[in-house]
Structure formats: C-alpha cells, structure tokens
Amino acid sequence: MSVTTMLAPSARNSTSSTSSSFVPVTRQNTIGSDGAPRSVRASKRYSVTALYLSMSAQDKDMEIEDELARVQKTLRDLKSRISSQSKKNFVLEKDVRYLDSRIALLIQNRMALEEQNEVASHFDESSELQEGTFPDDRKTQQYGNLFFLLQSEPRHIAALCRLVNMAEIDSLLQTVMFTIYGNQYESREEHLLLTMFQSVLSAQFDTTPEYSSLLRANTPVSRMMTTYTRRGPGQSYLKVVLAKQINNLIELKDLNLEINPLKVYERMVKNVEEDTGTLPANMPRSVSAEEAAENPQVQAIIEPRLTMLMELANTFLSTIIDNINETPYGIRWICKQIRSLTRRKYPDAKDNIICTLIGGFFFLRFLNPAIVTPRSYMLIDNIPSEHPRRTLTLIAKMLQNLANKPSYSKEPYMAKLSPFVTANKNRISKFLNDLCEVGDFYESLEMDNYVALSKKDLELNITLNEVYATHNLLEKHAKELLQGRDTEHLTILLQELGPAPPQVPRKENRAIILPLFSRWESALDDLSAALDITQEDVYFMEAKSIFVQLLRTLPPISAAVRRPLNLKKIADVAATTKDIGTFRKGIRGLELLNQLKDLGVISEVDEYQILREEVEQELVHLGSLKEKVTEESLKLDEVYKTIRDHNAYLVSQLETYKSYLHNVRSQSEGKQRGKQQKQHVLGPYKFTHQQLEKEGVIQKSNVPDNRRANIFFTITSPTPGTFVISLHYKGRNRGLLELDLKLDDLLEMQQNNHDELDLEYVQFNVPKVLALLNKRFARKKW
Amino acid sequence: MQHRREYHIVILGAGGVGKSCLTSQFVHNEWIEYYDPTIEDVYRKVIDVDGRSCILEILDTAGTEQFTAMREIYMKAGQGFLLVYSITSLSTLTELSDLRDQILRIKEADSVPLVIVGNKSDLEEDRAVRRDRAIMLSQKWGRVPFYETSARKRQNVDEVFLDLCRQMMRADVGGSGSGGGASGGSSEKVYQTPRKRRFCVIL
Ligand SMILES: Nc1nc2c(ncn2[C@@H]2O[C@H](COP(=O)(O)OP(=O)(O)O)[C@@H](O)[C@H]2O)c(=O)[nH]1
Ligand SMILES: [Mg+2]
C-alpha cells in the first residue's frame, strides 16, 4: 500500500487527497462547521500538502503499516462497498418498481403474452452483468476522454440535466450519481457533483419568476435532490436521527393520537354502536366539523392527545437539532446554496422566506418523506399499522408547519397545535440557518483536480449501455448544449466519436472499466504560480510531509523518534536503512533541511524549531485521527448492513416475481398446446415450529410454549404455483389443519400490504412465506 | 337528520399546481396566497347535488414526488379523483398519465370517476399548455371531463367538484353498491381466506 492511501483515505485508487475524516488537508479546514475561515494562504498551503501527499502515492515503494493505516484501510474498503452496493440497489429498486406495477396486471389477468415476454426479459438485466471491454481501442480512448471531461467539468452535465425531460432524467441521474460521481465518499467526485447541483439550482432560480413557486414542482432538480439524499451519507443520517424514535412509535400499535374532531367523533359513534347496539338520540351519525369540534366528549379525548403529540414532535425536533453535525456535508451545502441564491435573487426576501425555502428542501424533500413512509427509507421492516402511521403523518405536518410558519391553519384543528410552533419558532430558524454554516470547497476542488490530473490511473466502472445512453443524450441535446460558453472541447470530442450507438440488448451489456484521461494535458509545472505560493512554501510542505511519513515508518523503539524530535537525526537514520523507499525519503529530507536553511526559513540553532513543531502537531493530530476513523467505520458498518438487508429484500422480491411469472407462462404454454403438462409434485418439505419462528415466518403463535416442540409443518407443491401447508402434531398421522394456497393470492395480499396469513394456531407473515416458498420450490427454468 | 351519502374525493397532481388553493376555495371560500406545501390534509363539506345532499370528504395530498409511497393508500380509499395540472407547466400535465394508470390499477377498473383540471387559468400570459393538449388527453381517456379553473379568481371551482360528485353518484347506483363506502369506514378488501380443512383440534 502506498503512503498517501494511508494519510488520505479515499474510496478508489487513492485518487483523493481529502476525506471527511482527514483533517490536516483541505476539507475540514476550508469547510469547518465552526465557520472560521482560514486565510487563503494557509488553506492553499494545506492544499499543497495534500498534493504532495497524494503525488507520493505513486511512489509505490514505500509502505506504512501502522495501526492508523490499518483502520484507514478498513474504512476505505467499507466506503467503496457502500458505494457500489447503493448503486446496485438503485438499479434493483427500479426493476422492482417496474415489476410491482406489471405483476399487478398479471394477477388481474390483464396482460397480453407479448407483454409477459417483455416483463420476462427484464429479469435478464437484474442478474449480475458480465465484465467485458470495449470492442475497440480507439473508442475506449475517445470515451475515456469524453467521460474525463464530463467528470471534471460538471457544467456540461448540469446543462444536460436542465435539457432532458422527466422520462430521460432517471437514467441520466443513475449514470451521473452512481457512476460518474459514484464514489460517494470521495471528496473530488462529491465536490464536482455538488458543483453540478449548484449550476442547476442557480439556473432554476433564474427561470423562476417568484420565490413562492421555487423548488416546488417535480423537476429534474427535485429528482436530483431525491436521488442525492438516497446515497449512503443521507441514508445513514436518517438512520441516526429517525430510526430509533420511529421504531419506538410503531410498536405502540394501539396508540391513537387522531386529533381531527370529525374522525374522533366517528370512532366514538362506532364504539358506542358496537358496545350497545344502538345510538342514543343525542348522538347523530354524522355531524359537521364545527359540531364535532364543540362536542365535549370529543374535546376530552383530544386534549391529552395534543399534549402527547407536541411532546413527541418535540423529541423528534430535538434529536434533529442536536445532531446537526451528523448532517451530511452535501445536504448542508445545498441548504447554503438555497440561502445564498435567494438572497442574491430576491434581495428583499425576509429571513422567514429564506427559512421556508430551506425547510422546503430539508424537511419537505428529505426528512418528512422518511418520517411519513419510513419503510421506503429502510428505517423499519414492516408497513406501520394505521394509528402509528397517522401519528407519524401528524408529526411530519407539525415539523413542516414549523419550518413554514403559515399565518393560519388550513385545517382548523391543526390550530390547536400552535403552541408547538410558538415555542419552537426561534429554535427552528436558528437551526435552519446553522445548517447553512458550512464552508465552500472550491479551493480544495481546484487542488483535487490538479491531483487528479497528475494521476495515471483514473478510471470509471461503467456499463456499455450507460456509456451509450449518455452519448445519446449528449447527441440529442447537442444543439443547445454546445451553444454555451467554453464548449469547444466537448464539441471536438463529440465530433470524433460520431453518432451515438443504440442500446445493446440486455444480454450483451457489459460492465467495463473505462480509463479516464484528459485530451488536453494541463501542466503541473506552473502549479505554484497557479496557486500563488512561493518556492519556500513548497519546500516547507514537502519537508513536513516527508518527516511525518518517516516517523510513521521507523520502528517506534528507534531512538530517532524520541521527543523532542531531532529532524536531522531522523533523516540520517532513514538514509542508512536498507529499505529503498525509506532511504530515498531520508536523503530527500536532508536535502530539504539544507535548502530551507539556505533560504533562511529554518535554522540549525533552534533545531529547526518551526518545522519540528509542525511535524509534532501533525503527529498528535494523526493520533486522534485513528479514533475518529474507527468511530466512522463503526457507523458505516451499520449503514452497510442496512443497505445489504435492503438488497436482500429486493432480490427476494425479484425472485418471487420471477417464479410467479414463470408459473403463469408455463401454465399458459400448457393451455396453448392444448394438453395438460405432466407436472411432478414437489415436497413435502418439513419445518419445525421453532425453525419457522426463528425465520420470522411465524409472526404470532397461539400454541402454548410447552407444546411448540411437538408442532411441525409440511409444505407440498402439487403443481407450480399451488401449495398445501399442513400443520401436524407429533405422534398423530393426520394433520391438524391443512391450507391450500395459491401464489397469486399471496402476491395479491402482499400488494395490498396485507401481511398476515391466518392458520388459526399460528399467524404467518406473508412476505416471509413467499420468501420461503421461493427458496424451497424454485422450479428452475430460467 | 337525513341519511346522506358520503363520498371520498382525492386531489392529485404535481407540487405547486394549486391543489390546496382549489380545495380551500371550494371548502372555505378562501384564497391562500402564501407558500405552504401540503403533506396530507383532509376536509369535509356538505353539498347539494341536483337536490340531493351529500357529504364530501376531500383529501388534499402532497404533490412532492418524495411522498409517492403514500399515494397507494389514498387511491384505495378514494372514490373520485381530481387530477390537477397547471396551465403554466406542460410537465405537470404529462405527470397525470402515471397517476391515472396507478388509480386504475389499484381500483382494478377500466374507468373511475375522475376530472382533469387545468388550474391557474388567470395566468393567461404564462400559458404553456394549450387547451387542446388537455382535450386530447381527455379524449384518449374516454372523454373524461376537463375544466380550466382559476383558484385565484374562483372560476369553475364548484363546477369541477359538482361534476365529480355526479360521476360518483352514477357509479354508486350503477355499480350496485360497490365502492359506496357510505359509512366512511374504508372498505378494506376481504380476502377469501384460502381454503382450509381442519381436522381434530386439541392442543
Ligand atoms: N395565479 C394563480 N396562482 C395560483 C392559483 N392556484 C394556486 N396558485 C398559487 O400557486 C402556488 C401553489 O398553490 P398550492 O395550492 O399550494 O399548490 P399545491 O402544491 O398543488 O397544493 C401558491 O403560491 C398559490 O398562490 C391560480 O388559480 N392562479
Ligand atoms: Mg398543497
């Protein structure tokens, strides 16, 4: 492993110089939440350190293998797994969504045969893609140039995002967010992606006449924001701030916190009727909203619920506010852009308007959807039952209200919750403003781009069809696209490539590794000029980075590493080791000490005090870095697990559909041939009560504990798509209960979120039953 | 008090097209100027349709695409649908097709009571959708009623709701009771429990 990969954990190929957990370089210096800006000069010096550290990454002959290096490697691996897994999930989700709608038609027998074939062809893609290479070297090179340009100059994609229609945007975003900028934890790609956001956002501000309609419609921009929030960092944030509370809440299945007087009244009437069989004369079945609200019994029911709701909403709010530092940088940065664009475009916009707009993104598009439909955000396993679902909706409404502070409630009963708004008004304004307090990254980005240019090994994991689809969109919108400023390079590349090839059939699609490089070499020599730093600075930083590396490589017992540090001695020791990398560094260290001395930057008299102190500081910092890295790894481990679980769920869903479709088709084939196909019976397979309980298939059991060991089940499939489940008691040769099941029924139940399958003694969980049947009775034909 | 029919209306359409403003004009005769995105609001209004009094429960929904996971539940409960777009944005019209498909799928029907509403007709100078675009869509869907409305000027607001009511009443009579969730309790589909055979039962 190379030096830099250790100093700067990055997702891929040590391309990056920075990362959220790496303090000495750019990100947390320029992007400190403390808001304290460093002097431009200081931050440039840091950037250059980054560059040196990064460039020596190519210096593959020197390895550091300390504790820090190891935890950093773990973190890096984790990040790259999360990135690639979330792309897979994104694609799977799209397939499942498509099939969700198709299968419903199939169940209703409303699908023609051709369409069945079309659906079936969908399964081919969801299986893993084969790896491959481009058919032709020249094309590899040309596309490598094109994608390098697209990646490093985000304005082209930004322009494209504004031109495409809603039908095209999904596949474009898939390529952009999960492929071109797919390394979600890598600062350069993240920053480029955000730059693209900014340009799309500001165009949106330019074309929207009044702020009341800003960011409201469903546009490519809003789709971009959704997709962005669904990447790894957004997901883990939601988990941190919401998962625990939502889970606590949905466990209280019977907790009814409805406060709409009409609904409360209705339920009251229903209860009375059920209990007594009649309705008293003074209790009409239906009343107006006003009458219901004035009913004393209704008021008595609502009163304590209001208090509880406000308490609940308060807990949600407090957790969100307390965790402001967990909020992903990119999301905060988008909030910041919304604020500054609003101020620039509408100079007289009041502070509350600005808060409303930030809330329109942060709450409306990010947090509240997850509160209202937590299952779609992988926060819970099952759809919540009616009461908790309503409670969650009410909480989301309260939070949205708070962010918007409308002067009046559209639904009169919501006015009763106004104490919550009054009490938290200032808190929320402060929070929304604090969200925007993050630094910019332009300088570090510029730096990262230099670093990227210096790399020989930039590459992209992409599929043939993604390449062609992107090319297609560029071609289709070329006229408008190439009108913009500074598009000569893009024009040339597109001309060289010629017409965009059509999509290849799913079977021929390949995952390829596309090497990226620039057609237009931009020289690194004039770097110090470009960054406006002196030769002294450059030497100083190189020296610093070399000594830090040496101190991490030399054995900890070596006399040279004892404090106070003796830089000369360190370099001397290194220059006498056998390890060639260390040796070179030692020599270079000695050279630099001399050069810096000649330039008068450091002096031997005080034992190079300035340099020595900085090196020592750096080491202290690296010590605490290890803890931070370990902590981050733990958190991401959780995220990875969630994403994996979700993946397993999606895959099993696809499998179910697959086998169902297979059945339908083989049945209709049978009919077409006019003869009954000979089907052989599968099973019976035996399952114990304990086993099914453990797998969650049994979600509730009425069998007394001491009898459970004697209960078992058998499942048989007489024909594809039909199953017989029987429940047996040990020692009896006849079953206690037998149940005929059709796959259609189960799927339909699942479609309708009807999760329980009642077997009198036990209740099965429908999705789990499906998964089980799937696993055991898959009739191979694909 | 007479026994009155109760109907569930769901208002769907992209964010910012004026669903809440239409609802508020219809229910409270009020115009709302400010920006206040909806998550889920419910209203009730008693109206007279051709001499018959009925209760409308109106569900105003989130147009924001992030909330689409909730739609399915709404569609199950609804009996009549207003599909709203804004005449100032073509994409809001094209979004309606997916909504209709989803409704039909969930309702397992070829048609449901439905009205296409092109709102913000007062913003003629910003018009981006010509009337005939929507008329074409209405034809394609089997002559679904179509109105242009202005929530701001309260033009055609009552008409839209009345039209939908009449459709729901007709469906109610024609469909011989099915879909008439008269008591307001959402009529959860009852599963014909898979055939069970039970034998001896002592545990
Ligand atoms: N000019 C005009 N503006 C309208 C009309 N209806 C709604 N609006 C404005 O459009 C914005 C969004 O309205 P709203 O009802 O909240 O949209 P919803 O998201 O569909 O519920 C508000 O600022 C309204 O003032 C209309 O008929 N004419
Ligand atoms: Mg609304």
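This is a predicted model: local features need pLDDT of at least 70, side-chain atom pairs count only at pLDDT 80 or more; totals for chains, interfaces and linings use all residues.
How many residues does the contact take from chain B, and how many from chain A? I started my notebook with that one. The contact takes 50 residues from chain B and 64 residues from chain A.

**Entry: the interface**

Next I looked up the area. The size of an interface is often given as the accessible area lost when the parts come together. Here chain B and chain A bury about 5700 Å² between them, and 51% of that is on carbon and sulfur atoms.

Then I went for the charged pairs. I found a count of 6 salt bridges between chain B and chain A. I also looked up a salt bridge between the side chains of Lys263(A) and Glu57(B), at 2.6 Å from N to O.

Which elements of chain B give two or more residues to the side that touches chain A? My list has three helices, α1 (19-28), α2 (71-77) and α3 (90-107). It also has the strands β2 (40-49), β3 (52-61) and β7 (196-198). β2(B) gives the most to that side, with 5 residues.

**Entry: chain B by itself**

I got 5 helices and 7 strands. Read from the N terminus on, the elements go β-α-β-β-α-β-α-β-α-β-α-β. Chain B has 203 residues, and buried ones make up 55% of them.

I checked how far apart in sequence the touching residues are. Among contacts in chain B with a separation of 6 or more, 73% are between residues 24 or more positions apart. The accessible surface of chain B comes to about 9200 Å², with 48% of it belonging to carbon and sulfur atoms.

Is Asn647(A) buried or exposed? Asn647(A) counts as buried because its relative accessibility is 14%, which is under the 20% cut-off. I found Asn647(A) in helix α27 (residues 609-672) of chain A. Leaving out residues up to four places away in sequence, Asn647(A) touches Gln85(A), Lys88(A), Asn89(A) and Leu92(A).

My other spot was Ile580(A), in helix α26 (residues 580-598) of chain A. Ile580(A) has a relative accessible area of 44%, so it is partly exposed. Together with Phe583(A) and Ile587(A), Ile580(A) makes a nonpolar surface patch of about 230 Å².

Terms used
Residues are numbered from 1 along each chain as its sequence is written. Chains are lettered from A and ligands numbered from 1 in the order in which they are written. Side-chain values use heavy atoms; hydrogens and water are left out. Patches are made of residues with over 30% relative accessible area and no salt bridge: like charges are joined within 9 Å, nonpolar side chains (Val, Leu, Ile, Met, Phe, Trp, Tyr) within 5 Å. Accessible areas come from the Shrake-Rupley method with a 1.4 Å probe; for residues, only the protein chains shown count as cover. A salt bridge is a side-chain nitrogen of Lys or Arg within 4 Å of a carboxyl oxygen of Asp or Glu. Helices (H or I, at least four residues) and strands (E, at least two) are DSSP runs, numbered from the N terminus. Buried means under 20% relative accessible area, exposed over 50%, partly exposed in between (1.4 Å probe, protein chains only). Contact means heavy atoms within 4.5 Å. Buried area is the accessible area (1.4 Å probe) that two parts lose on being put together, summed over both.
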